[in-house]
Amino acid sequence: MDKLRSMIGGREDNEEAGLTAQVLDASTLSYSTRVKWFVICFASGILCSILGTALLFLPNGTKLFAVFYTLGNLAALSSTCFLMGPLKQLKRMFEPTRLIATCVMLLCLILTLCAVFWWGKKGLAIIFCILQFLAMTWYSISYIPFAR
């Protein structure tokens with residue numbers, strides 16, 4: 001009906017504004033979709049972390065443990081992108097109040113993989129996984145008001 005009105009009124013669709021509006025409409029998710037994907041992504045992160053812990057006791061399981069535990073933490077971290085959007089998530093991650101927590105957390109994620117693949121130090125990889133857990137806890141607490 002709007003298209004008919006614009007044609008009758010002599011207005012043609014502004015293709016640039018229409019294209020931008022179409023892209024924005026197509027890329028926005030409803031609240032229920034955001035919550036569903038947050039739960040799916042967060043649950044898969046927890047599942048990867050638990051699977052990684054179970055794989056620790058296999059022969060040469062330290063590499064699998066480090067990879068799955070790190071992937072689990074990344075999935076849990078990225079799940080919040082569904083709630084607030086990726087750009088807002090990145091901006092909030094690097095706010096001055098949680099900058100140190102974010103840097104420590106990301107450094108621990110990287111150092112875990114370096115310890116297991118490049119340096120070949122299994123004990124160091126487990127220590128970095130423990131530090132990952134502590135850094136993720138510190139990072140998560142930084143979102144709670146007055147908990148810092």
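Predicted model: local features only at pLDDT ≥ 70, side-chain atom pairs only at ≥ 80, totals over all residues.
**View 1. Packing of helix α3 against helix α4.** Helix α3, which covers residues 31-55, packs with helix α4, which covers residues 61-84, and their axes lie 7 Å apart at an angle of about 165°. Because angles over 145 degrees count as roughly antiparallel, α3 is described as roughly antiparallel to α4. The crossing of these two helices, α3 and α4, is left-handed. Among the residues of the contact of α3 with α4, 17 are nonpolar and 11 are polar, while one is charged.

**View 2. Crossing of helix α4 with helix α6.** Helix α6 is formed by residues 99-117, and its axis and that of α4 come within 9 Å of each other, crossing at roughly 160°. That angle makes α4 roughly antiparallel to α6. When α4 passes α6, the crossing is left-handed.

**View 3. Crossing of helix α4 with helix α7.** Helix α7 is made of residues 122-141, and the axes of α4 and α7 come within 10 Å, with a crossing angle of roughly 15°. Since angles under 35 degrees count as roughly parallel, α4 and α7 are therefore roughly parallel to each other. Here, too, the crossing in which α4 passes α7 is left-handed.

View 4. The residues Phe117, Trp118, Trp119, Leu124, Ile126, Ile127, Ile130, Leu131, Phe133 and Leu134 together make a nonpolar surface patch of about 1000 Å². Helix α7, the helix of residues 122-141, supplies the largest share of this nonpolar patch, namely seven residues.

Terms used:
Residues numbered from 1 in each chain as written. Heavy atoms only, no water. Axes fitted to C-alpha atoms, helices over the stretch in contact; angles between N-to-C directions. Helix = DSSP H or I, 4+ residues; strand = E, 2+ residues; numbered from the N terminus. Parallel < 35°, antiparallel > 145°, perpendicular 65-115°, else oblique. Left-handed = near helix turned anticlockwise from the far one by under 90°. Nonpolar A, V, L, I, M, F, W, Y, C, P; charged D, E, K, R; others polar. Patch = residues over 30% accessible without salt bridge, like charges linked within 9 Å, V, L, I, M, F, W, Y side chains within 5 Å. Areas by Shrake-Rupley, 256 points an atom, 1.4 Å probe, with all protein chains shown as cover. Salt bridge = Lys/Arg side-chain N within 4 Å of Asp/Glu carboxyl O.
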